[in-house]
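Work through these exercises with the structure open beside you. Try each task before you read its solution.

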Amino acid sequence: MDIFRILTRGAQVKQGKTKNDYSLKEDKHDDNILYQVEKETDFFHTKKHNTSVNNKEVAKDNQDDEDEIPPLELISEEDAKKFRNLHKSKVTGSDIPIPIGSFQDLIGRYKINKRILNNLIDANFTEPTPIQCESIPITLNNRDLIGCAPTGSGKTLAFIIPLIQQLNTKVDKNYGIRGLIISPTNELASQIFQELEILTKGTNLSISILSKSLANKINNKIINSNKYDIIVSTPLRLIDLLKTGNLQFNRLEQLIIDEADKLFDQGFAEQTDEILSHCNSTIRKSIFSATIPSGVEEMAHSIMKDPIRVIVGHKEGAAQTIEQKLIFTGNEEGKLLAIRQMIQQGEFKPPIIIFLQSITRAKALFHELLYDKLNVDVIHAERTAKQREEVIKRFKNGDIWVLITTDVLARGVDFKGVNLVINYDVPQSAQAYVHRIGRTGRGGKSGKSVTFFTKEDDKAVKPIINVMKQSGCEVKDWMENLGKLSKNEKKSIKQNEIKRKKISTVPKIIKQKRKQKQQMIEASKKRKAEIDN
Ligand code: ADP
Ligand code: MG
């Protein structure tokens, strides 16, 4: 164990001015121990900096880098082979193009638009990641693509860069939508849109996210959907517009399905199918995810033309940057105790995301941790879009340190600098596990994940242990000897939530008192507001 961790063990912790500066305090308060995690810095580094200085420094740094290491150029099949071995990538299909070795490669080989390249440099994207090196030339060669690469490895840019390069041509005003990106959640759609905004700056492209208000305006003929070149959307909103005929895909050239295994899975498959039925079969298609099971690949083949398949790292594996840990808590009560122990031992370092299996349980844990005076908030499907947006904003800028959620946030969302993911409840499949823990250890940074399990999880924990083994995690003897689950068992775990005891250690009487106090505060605030008015 490293010396710093030994020194900082215990309740009174004060670190120096490191990246995630924080301090922990233990306080006695009535009969309950009150834990506070104090914030000292901007976790996610999102506070405004002096950009002119930063840009100069970045430019200088880049200059220095360029002096030292020239951009990597891959010319021959032999270069490609070496590159793929190095990054443990497997690329299969016919006529596979040679990957790019640097973004500069795109100038000579694909005459990439200077603005797009400048936008990349301005955003500090200096070197392409392996999935970007492979996907960009494949798409620019107009080929269909199945792309599988670990969480946080840059799949978004892998589809955005070639998409905007191909569509950045002059067309008539109101020509029609030519590019479509679909994502399973609004949060992910808006994140993709933000990245799209950065990269299309100064180009002729008109882009939009299909928000509720835009959908209304299109339906009420206030806005013509044809004015957009590229739309990012979740499936349902799109289908509603397609059905009314107020949005059409007769000019669509490119379709990207992000988190494809989710969008081909139960609950979404029908919607995805409906969208596909509105698209001309000749359009170019890409699907991306960190987990693409063979069934999904088969479906993809049925809608694609001679696709190229790129797999970076272990198919369906967790990102190598994540340290994974499993904790047996005995029973449900043991989970809250485990969290409190982690706090005491200095292992509860914000920003943290905690996943639970249901909305009810997420709400219950939220109230429980609020009681511990931890700086928490919760996101689940019952919260309004506005509330969800607000919580995400506050989590991103460091005002909330512990975000409690359900699988609704397990996919794609990129919070920079999450230190720890806790699976309070065992995820219901290996895929769900890989995506949940993939909220940390992103963009090459390191991260940690902890999964709690109880007696009830003896079966559900097996797929998680498999992922851990594949990732090279140290596993205990008993884990080595676990039998495999049958297909039916896996299906049953995925479809049926494990029944669990309610989350609570706070006696009812204290909860009632707390509620009364809260109601009194709210009533007095209301009264004051009425008097002020
Ligand atoms: P994925 O979709 O594979 O989970 P994302 O596309 O969300 O990953 O990217 C993860 C993070 O890495 C994001 O913060 C993104 O801005 C960053 N990133 C992507 N490509 C690059 C690059 N070429 N250089 C530096 N950072 C990158
Ligand atoms: Mg993604």
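## Exercise 1: Placing the ligand

Domain 2 (73-312) and domain 3 (323-495) both contribute residues to the shell around ligand 1, so the ligand lies between them. The domain bounds come from an automatic or database domain assignment. The model is predicted: local features need pLDDT of at least 70, side-chain atom pairs count only at pLDDT 80 or more, and totals for chains, interfaces and linings use all residues. Residues are numbered from 1 along each chain as its sequence is written, chains are lettered from A and ligands numbered from 1 in the order in which they are written, and side-chain values use heavy atoms, with hydrogens and water left out.

**Task.** Describe the shell around ligand 1: how many residues surround it, and which are the closest?

**Solution.** 

Step 1. Count the shell. A residue is near a molecule or strand if one of its heavy atoms lies within 4 Å of it. By this rule, 18 residues surround ligand 1. The closest are Glu 127, Gln 132, Gly 152, Thr 156 and Asp 414.

Step 2. Sort the shell by type. It holds 4 nonpolar, 8 polar and 6 charged residues. Here Ala, Val, Leu, Ile, Met, Phe, Trp, Tyr, Cys and Pro count as nonpolar, Asp, Glu, Lys and Arg as charged, and the others, Gly among them, as polar.

Step 3. Find the main contributor. Helix H7 (residues 155-167) gives the most to the shell, with 3 residues. Helices (H or I, at least four residues) and strands (E, at least two) are DSSP runs, numbered from the N terminus.

## Exercise 2: Polar atoms at the ligand

**Task.** Which residues place a polar atom 2.5 Å, 3.0 Å and 3.4 Å from an oxygen atom of ligand 1?

**Solution.** 

Step 1. Take the side chains. A polar side-chain atom of Thr 156 is 2.5 Å from a ligand oxygen. For Lys 416, a polar side-chain atom is 3.4 Å from an oxygen of ligand 1.

Step 2. Take the backbone. A polar backbone atom of Ser 153 sits 3.0 Å from an oxygen of the ligand.

Step 3. Look at the cover. Alone, ligand 1 exposes 570 Å², and the protein buries 86% of that. Accessible areas come from the Shrake-Rupley method with a 1.4 Å probe; for residues, only the protein chains shown count as cover.

## Exercise 3: Backbone exceptions

**Task.** What is the phi of Asn 174 and of Glu 316, and which peptide bond is cis?

**Solution.** 

Step 1. Recall the rule. Most residues other than glycine have a negative phi, and most peptide bonds are trans.

Step 2. Check phi. Asn 174 is not a glycine, yet its phi is positive, about 55 degrees. Glu 316 also has a positive phi, near 75 degrees.

Step 3. Asn 174 is in the loop between H7 and strand E6 (179-182). Its relative accessible area is 38%, so it is partly exposed. Glu 316 is in the loop between strand E11 (308-312) and E12. At 22% relative accessibility, Glu 316 is partly exposed.

Step 4. Check omega. The bond from Pro 350 to Pro 351 is cis, with omega near -5 degrees. Pro 351 is in the loop between H14 and strand E13 (352-355).

Note on methods:
Polar contact = N/O pair within 3.5 Å; in protein donor to acceptor, adjacent residues only side chain to side chain. Buried < 20%, exposed > 50% of the residue type's maximum accessible area, 1.4 Å probe, protein only.
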